[in-house]
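Thanks for coming. I will go through a few local features one at a time, so please keep the view open as I talk.

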Amino acid sequence: HPYAGLVSHLRTSWLSGRTRPMEYRVAQLEALGRFLDDKKEEILEATASDMGKPCFEAFFSEILLCKNELHQTLNNLGQWMKDEHVGKNLVTQLDSAFIRKDPYGVVLIIGPWNYPVHLLLVPLIGAIAAGNCVIVKPSEISKNTERLMAESLSCYLDNDCYAVVTGGVQETTKLLENKFDFIFFTGSPAVGRVVMSAAARHLTPVTLELGGKNPCYVSDSCHVQNAARRLAWGRFFNAGQTCIAPDYVLCSLEMQEKLMPALREAIAEFFGPNPRESPDFGRMVGDKQFRRVRALLSSGRVATPGGVQEMSPTVLADVLPSDPVMQEEIFGPILPIVVVANMDEAIDFINARPRPLAIYAFSSDSKVVNQVLERTSSGGFCGNDTLMHFTLTSLPFGGIGNSGLGKYHGKFTFDTFSHQRGCLHRNMGLEALNSPRYPPYSQQKMGLVTATFEIKRRGMCTIL
Amino acid sequence: MERIQQVVGRARAAFKAGRCRSLEFRIQQLKALERMVKEKEREILAAIKADLHKCGPNAYSHEIMGLLGELALTMEKLSSWAAPQPVKRNLMTMRDEAFIRYEPLGVVLIIGAWNYPFTLIMQPLVGAIAAGNAVVVKPSEISENTAKLIADILPQYLDQELYPVVTGGVPETTELLKQRFDHILYTGNSAVGKIVMAAAAKHLTPVTLELGGKSPCYIDSDCDLAVACRRITWGKYMNCGQTCIAPDYILCHPSIQSQVVENIKATLQEFYGADVKSSPDYERIINKHHFKRILGLLEGQKIAHGGETDEASCFIAPTILTDVSPESKVMEEEIFGPVLPIVPVKSVEEAIEFINLREKPLALYVFSNKKELIKRVISETSSGGFTGNDVIMHFFLSTLPFGGVGNSGMGAYHGKHSFETFSHRRSCLIKDLKMEGTNNLRYPPISQKKVDWAKFFILKRFNKGQIGLALLALLGIVAAVVWKNHHSVLKRKALLIVLAVQRLGWPNVW
């Protein structure tokens, strides 16, 4: 049983209590901060090698946003770790009642390849902050980043409590045979099912950050240029390989005709006439992904120059729901536009499909934005922009249905990796107060018990 | 079996039609549920009595009283729980609306257990209805009278399509688990818990599993033994030991073992009289299968008290075992019966080690006059919940999340925690379609200047102090007034102004 030794080693460290004290956790988190500072160039290089990630995107998503989470965690850890005292009822008035944040134990974090540092480190920050021992499994598809993590993290973190495991599907399957106390997985719904089934064998709780097709409704009344720029930014960031990227647009025929030139303009402004040569446009992570995305281009009217040849930012117009590009999450720099008659049709279209990780709606009319929000369901929602709800750490980030279960970011990561333990510390004295609950039972005793335990509706007065 | 598919399908259609979205509808259904509990009280108590030989007052306080409290609390608080929750914004999102919306998950499945057959279905149901879901209810077939009653009366009070009851045994439950749900709450044992979670995994359905385990009870030598033993006796033998959070076994120093036994014996006498079998307040084992199982645990044990049984009525007397070996059968599985083993340990360290070598339990109990000792046990162990100097009671405080960890379960409910368990917290950020200026910073082509701006606007500082909010507010007002009066000029000079402020050492905002 490979990895059994590693897991048991971490479990021993866990049982020794080493990861409990706040000072220890702070020291490990500060070390992680130093990792991000010291290895900044290496991270930018590795992600550039893996998927041609533009410097700014790498800096913004893989370093800056991680540091944000780190700083917010360090700023608030003391507060988050504290026992949370709760309201008491009549019978517990003299007792101490609180929720303790207990670490789970040995947790597993499986990261994806599209934001290989961020999507591994942000959960790791929460897991360490919550006092767990952690095994981290970076994606083998982003090879260079995987190597960097495997080689460097061990120089910064306590090797008895935190380990990096590398490898492909086989290794991950073997790893999942072990018992973990929590599993955090980011990836596709198909693999999410496999992870959850493996977790079920050990009754291990999970958080699954999955994906789907994120719809973007653009209403007729909107500032087309601004909408197009925000849309294009969100779609083509990391060459479309973003779980919350707007996957497709729903709009009227009229709006489509306005959007197309606006999108072309935005793309030209961002990436110049030849995006392949722009340092600010990423690449697909590998051949397999490239071929998969290419195959999606077989229908629809191409609205952008040079779209089909190499993976340049591509906008497809007049796309039909039956087209290949509408059958799977695109995860590439293609933006299909599906024409709908009106907002109601757009909402029905969205609701007929699995619930996505994000829904976007653009309109100058706030009522339209609110209608789309209220009549649909998704992990998260952003009105009049794309991606940005991800950067606000006070918002919980997660999916629903096929797009995932659980949430994180900011305090939610800490909570995800903590067991909220209800504790009641009672008084040993005042035993007389307990006597109504003991047998032999009688109506009279029941009356007393009811009086002390019951919660009454306010404004309802009963005369006993 | 098609019937089950149809029932779930109808519930989903009813949910999609939006009937249970409005708060008014949900409260109306909760009110109807409350009426049902009050109007059918006699029938409910009779069914519980038939299933578990539980007397009226006992059944009332275990299964009805808490439920009525939960209903009252939920109806009172629902509008505040369900309201969108605004969240703290950062500099980039200052002008935007950022909030968390509580939304229903969809169609929820609640699978009940037989030991508290009414409340373990109803309490989760309250939360699920409150959160706006459709709910399929599956009471345990083992407590058949209560299952039949629930199937009878629930449709008389609640919307029949949105909240159907499915009865049956293993085949029906298996068929149910093949359907797609948006959340499953299961109360029962760990073995079936794994099956439920595996079935849920196929549909990526989140689960709340309220399982069990052996809940240890450590008695420190420094404590009021008489009081401790009374409380333990109450919690252990209620419902004939068939309580998921009953103190399963005792850990204590060998020198106080006989005192513990004497105290418990005296309390048993006080509670049930000399002839326990004829006490109306003592329940029975649910069926022959469990009766035989518990009997098997007594083999080879030193019975310090009790041990009498009567198979015909599934009666097992309150029993205490002493000097129990950790390797014996009675220490391997959750007892779920009126048998209390005492395992001697020499110290609290030994007790903690003993507990930590085993699966994490649903509840943990410690009796001691020493506050520090209690704190120590809490911090060096893990369990679903904890009560110090008493047993069971953390269950009754709805502000505490009730659930397990590890083998004893995942997720929690009660009070507001039920509402949150059955809701989806959806993050919402609503921006202005205008004000494109600030967005320019993030668009390609990228320059060093843009990188610097990004750091300025987004990077949180590691700060140990707080900035005076008043200062910030004042600056905000000044800025707004200046903007209003001079915006055309300012628009042109905006970059310069902000740069100037930065040079002046803009204080850390976070």
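At what angle do helix α3 and helix α6 of chain A pack? This is a predicted model, and in it the angle is about 150°, with the two axes 7 Å apart. Helix α3 covers residues 40–51 and helix α6 covers residues 143–156. An angle over 145 degrees counts as roughly antiparallel, so α3(A) is roughly antiparallel to α6(A).

Now the residues that touch. From α3(A) we have E42(A), I43(A), A46(A), T47(A), S49(A) and D50(A), and they meet K143(A), N144(A), T145(A) and L148(A) in α6(A). By type, the residues of this contact are three nonpolar, four polar and three charged.

Next, chain B. Here helix α3 is residues 41–52 and helix α6 is residues 144–157. Their axes cross at roughly 155° and come within 7 Å. That again makes the pair, α3(B) and α6(B), roughly antiparallel. On the α3(B) side the contact is made by E43(B), I44(B), A47(B), I48(B), A50(B) and D51(B). On the α6(B) side, the residues are E144(B), N145(B), T146(B), L149(B) and I153(B). This contact divides into six nonpolar, two polar and three charged residues.

Back to chain A, for an annotation. Which residues carry the UniProt feature "active site"? The record, an unreviewed entry, places it at E209(A) and C243(A). They are spread over 35 residues of sequence, yet they cluster in space, with a largest C-alpha distance of 9.0 Å. From this set, C243(A) is part of the lining of the largest cavity.

Let me take E209(A) by itself. It sits in strand β7, residues 206–209 of chain A. Is E209(A) buried or exposed? Its relative accessible area is 2%, so E209(A) is buried. Setting aside neighbours within four places in sequence, its contacts include F184(A), F185(A), T186(A), G187(A) and F397(A). Also among the contacts of E209(A) are S403(A), K407(A) and Y408(A).

Then C243(A). Where does C243(A) lie? It is in the loop between α9 and β9 of chain A. Beyond neighbours within four places in sequence, C243(A) is in contact with N114(A), L210(A), N214(A), E329(A), F331(A), L357(A) and F397(A).

Definitions and conventions
Residues are numbered from 1 along each chain as its sequence is written. Chains are lettered from A and ligands numbered from 1 in the order in which they are written. This is a predicted model: local features need pLDDT of at least 70, side-chain atom pairs count only at pLDDT 80 or more; totals for chains, interfaces and linings use all residues. Side-chain values use heavy atoms; hydrogens and water are left out. Axes are lines fitted to C-alpha atoms, for helices over the stretch in contact, and angles run from 0 to 180 degrees between N-to-C directions. Helices (H or I, at least four residues) and strands (E, at least two) are DSSP runs, numbered from the N terminus. Angles under 35 degrees count as roughly parallel, over 145 as roughly antiparallel, 65 to 115 as roughly perpendicular and the rest as oblique. Contact means heavy atoms within 4.5 Å. Ala, Val, Leu, Ile, Met, Phe, Trp, Tyr, Cys and Pro count as nonpolar, Asp, Glu, Lys and Arg as charged, and the others, Gly among them, as polar. UniProt positions are given in the numbering used here, feature names are shortened, and annotations may be inferred rather than shown by experiment. On a 1 Å grid over the protein atoms alone, a cavity is a set of points where a 1.4 Å probe fits but cannot get out, and a pocket is an open set with protein on both sides within 12 Å along at least five of seven lines; lining residues have an atom within 4 Å of a point. Buried means under 20% relative accessible area, exposed over 50%, partly exposed in between (1.4 Å probe, protein chains only).
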